[in-house]
Amino acid sequence: MRDNGGGTVIGSEIVPAKVATAKRNLAEAGLADYAEIREGDARQTLRDLGGPVDFILIDGWPGEKGPTLARQVIEIVAPQLRVGGYVMNDNAEADFLEFVRDPKNGFVSITLPLKGGTELCLKVA
């Protein structure tokens, strides 16, 4: 962000100790002004990202029942992603893929050969 003229990286983390570590590391690296770590459940903390977003990384965990965290988060953040913006999903969960591959949701995507499936999606509409 600093090298590209500004912007903010927004992260969400549910584990308080990880939030504290991330904030400390950012401060030590001189990058605290370019990052905001929101403590809590991403399904709550990412509801308002403050404007159009260029890139979203979703790295959750697959659940045993119901929709995965990735699916729930993409439904929350997709309307906040600008056309031409990207989403990367680390685990390529089936219900996430169902969402981004449905033409009505405005994405094109490809599975990258990383870690058994990482999905890169471009918002086109």
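This is a predicted model: local features need pLDDT of at least 70, side-chain atom pairs count only at pLDDT 80 or more; totals for chains, interfaces and linings use all residues.

1. The C-alpha trace spans about 40 × 35 × 30 Å along its principal axes.

2. On burial and surface, 34% of the 125 residues in the protein chain are buried. The chain exposes about 7600 Å², and carbon and sulfur atoms supply 55% of that area.

3. The secondary structure of the protein chain consists of four helices and six strands, and when read from the N terminus the order of these elements is β-α-β-α-β-α-β-α-β-β.

4. Strand S4, residues 81-89, deserves a look for its pairings. With strand S3, residues 53-58, strand S4 pairs in the parallel sense over five bridges, and within this part of the model Ile 56 has Val 87 in S4 as its bridge partner. Strand S4 is also joined by four bridges to strand S6, residues 118-123, and here the two strands run antiparallel; Tyr 86 stands opposite Leu 122 in S6.

5. How many aromatic pairs does the model contain? The count comes to one aromatic pair, and the pair is formed by Phe 99 and Phe 107, whose rings lie 6.4 Å apart from centre to centre with 55° between the planes. The arrangement is classed as tilted, because planes under 30 degrees apart would count as stacked and those over 60 as edge-to-face. Both partners can be assigned on accessibility: Phe 99 is buried, with a relative accessible area of 10%, and Phe 107 likewise counts as buried, at 6% relative accessibility.

6. Thr 68 is a residue that I would ask you to inspect on the display. Thr 68 is placed in the loop between S3 and helix H3, the latter covering residues 69-77. Is Thr 68 buried or exposed? At 9% relative accessibility Thr 68 counts as buried, because the cut-off for that class is under 20% relative accessible area. A polar atom of the Thr 68 side chain lies 3.2 Å from the backbone nitrogen of Arg 71.

Methods. Residues are numbered from 1 along each chain as its sequence is written. Side-chain values use heavy atoms; hydrogens and water are left out. Two strands pair if DSSP finds at least two bridges between them. Rings of Phe, Tyr and Trp (its six-membered ring) pair if their centres lie within 6.5 Å; planes under 30 degrees apart count as stacked, over 60 as edge-to-face and the rest as tilted. Buried means under 20% relative accessible area, exposed over 50%, partly exposed in between (1.4 Å probe, protein chains only). Accessible areas come from the Shrake-Rupley method with a 1.4 Å probe; for residues, only the protein chains shown count as cover. A polar contact is a pair of N or O atoms within 3.5 Å; within protein, one must be able to donate a hydrogen and the other to accept it, and residues adjacent in sequence count only if both atoms are side-chain atoms.
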